[in-house]
Amino acid sequence: MDSIRIRGGRPLKGIIPISGAKNAALPLMTACLLTGETLTLANLPHLVDITTMANLLMSLGVSLHMKSNERGDGCGGRILDLSTPMITDTTAHYDLVRKMRASILVLGPVLARTGQARVSLPGGCAIGARPVDLHLKALEQMGASISIEGGYVDARVEGRLKGAHLVFPQVTVTGTENLLMAATLADGETIIDNAAREPEVSDLAHCLVAMGAEIEGIGSSRLVVQGKESLHGATYSVLPDRIEAGSYAVAAAITRGSVLLQHADATQMSALLKVLTAAGVVVSVQEDGILVSADTAPIRGVDVMTEPHPGFPTDMQAQVMALFATAEGASMVTETIFENRFMHVPELKRMGADINIHNGSAIVRGVPRLSGAPVMATDLRASMSLVLAGLAAEGETTVTRVYHLDRGYERLEQKLAACGAEIERVRG
Ligand code: UD1
């Protein structure tokens, strides 16, 4: 199994190009199931999760054609044609779904297009139980009959799904995306209240509009969809990854360096940029990105609470905790979205961090220096927090279970090494 070896203590300086967003690309790819015409997606990141989704879509009858890189810098931005003249299999099998929870995103589109869908239940994951009950209840409200048998969700509808007034009792990102896609082919109007407002949801909505869908309220917590009998093909470019950009912003801050996050969009990152600014990081929005500098003033601890967008993203919680572990003073980091998302804490403590967990909050008291250690993490963002801690630590850090990082960070070692980090992948 590969690992990442880091020699910490070097301030990062340079430019990091930000790739297309994984969490936007995945639902956008499943949108191809809604039409018989070709959907062309540009700025797709090179990630294991994208390959997993491609394999799942192919198993349902989608044909894929990868074109060359969009930009000549070898930094990603692939263009992919996805065509589904016919959905040839309406079952998303366990062996593919178990690799990635976002596979549940095929449920809404396949059901809406064919009147039936069988999708393996994704099951638990390292950061919590993560049920899909809200997706299923909302589809039932649209007229689907749903049963769960042998670990599979079996959904059926006579004719088309019916427009309905859906009110999510809790904000769910993939739930909103699944229902939004289903609603575009439903009979009549669907209102989704308490919809997720994450930029990735809006990206999907804009792509659906380009495919002929009628959606009002994009970016708000009320989405109103007028269902159509069919959608058509479109060409759409995936938005930049705010979580990748945020992670590298923390890399600049934790190493007390200065990095330009090329292509990053500050408007989608306000909560994080506010926290970084309060911590003493200098953030300046430029024409083609965001310059993040921490080479002048000391970094102070700041209190953070995760919330649905536009609040502070849970996907950045582990990374800022690594930063605060090296800051002056104390911070309280409160996780409200997932019940088990402090798996990085014991590993950060092994590197010398002073962190205590009380229920859903972690009290982080900054220490002058972390020390390198062999560490491993159980999920994507937790793994990144260990890489970040390693970049700041004295001595050598080895992060194992690199497959988590490969799910969500394109060319991680190359991007960091280009800014002066001493980092390498050790093949194992
Ligand atoms: C998405 C993101 C993930 C991010 C998360 C929260 C993708 C592919 N993944 O995950 O990176 O961390 O949003 O911003 O976009 N819940 C239920 N029942 C449901 C659905 C959700 O109880 O049917 C709960 C979850 O357990 C969790 C909360 O709602 O506690 C939010 O989860 P949700 O927004 O659905 O997360 P995902 O869409 O899976």
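A polar contact is a pair of N or O atoms within 3.5 Å; within protein, one atom must be able to donate a hydrogen and the other to accept it, and residues adjacent in sequence count only if both atoms are side-chain atoms. The structure is a predicted model, in which local features need pLDDT of at least 70 and side-chain atom pairs count only at pLDDT 80 or more, while totals for chains, interfaces and linings use all residues. Residues are numbered from 1 along each chain as its sequence is written, and side-chain values use heavy atoms, with hydrogens and water left out.

A polar side-chain atom of Asp-315 lies 2.6 Å from an oxygen atom of the ligand, and a backbone N or O atom of Ile-337 lies 2.6 Å from an oxygen atom of the ligand. Asn-23 places a polar side-chain atom 3.0 Å from a ligand oxygen. Around the ligand there are 18 residues, of which Asp-133, Thr-172, Thr-174, Asp-315 and Ile-337 come nearest; a residue counts here if one of its heavy atoms lies within 4 Å.

Helices and strands come next. Both are DSSP runs numbered from the N terminus, helices (H or I) having at least four residues and strands (E) at least two. Helix H8, residues 242-254, has 13 residues and spans 18 Å from its first C-alpha to its last, close to the 18 Å expected, a value defined as 1.5 Å times one less than the number of residues. Because 13 of its 13 residues are buried, H8 is largely enclosed by the rest of the structure. Buried means under 20% relative accessible area, exposed over 50%, and partly exposed in between, with a 1.4 Å probe and protein chains only. At the start of H8, a side-chain oxygen of Asp-241 comes within 2.9 Å of the backbone nitrogen of Ile-243; just after the helix, Arg-256 takes a positive phi of about 55°.

Strand S7 (residues 116-120) has two partners, where pairing requires at least two DSSP bridges. Strand S6 (residues 91-92) runs parallel to S7 and is joined to it by two bridges, with Thr-91 opposite Arg-118. Strand S9 (residues 152-156) runs antiparallel to S7, with five bridges, and Gln-116 stands opposite Arg-156.

Arg-156 also forms a salt bridge with Asp-154, their closest N and O atoms being 2.9 Å apart. A salt bridge is a side-chain nitrogen of Lys or Arg within 4 Å of a carboxyl oxygen of Asp or Glu. Arg-156 is partly exposed at 41% relative accessibility, whereas Asp-154 is buried at 15%. The whole structure holds 22 salt bridges. One of them joins Asp-49 to Lys-22 at 3.5 Å between the closest N and O atoms. Asp-49 lies in helix H2 (residues 48-60) and Lys-22 in helix H1 (residues 22-30), so the pair ties together parts that are 27 residues apart in sequence. Asp-49 is buried at 2%, and Lys-22 is buried at 7%.

Glu-410, in the loop between helix H13 (403-408) and helix H14 (412-417), is buried yet has no salt bridge; the nearest side chain of opposite charge, Arg-411, is 4.5 Å away. Here Lys and Arg count as positive and Asp and Glu as negative, while His and the chain ends are not counted. The side chain of Glu-410 makes a polar contact of 3.3 Å with that of Ser-19, and one of its polar atoms lies 2.7 Å from the backbone nitrogen of His-46.
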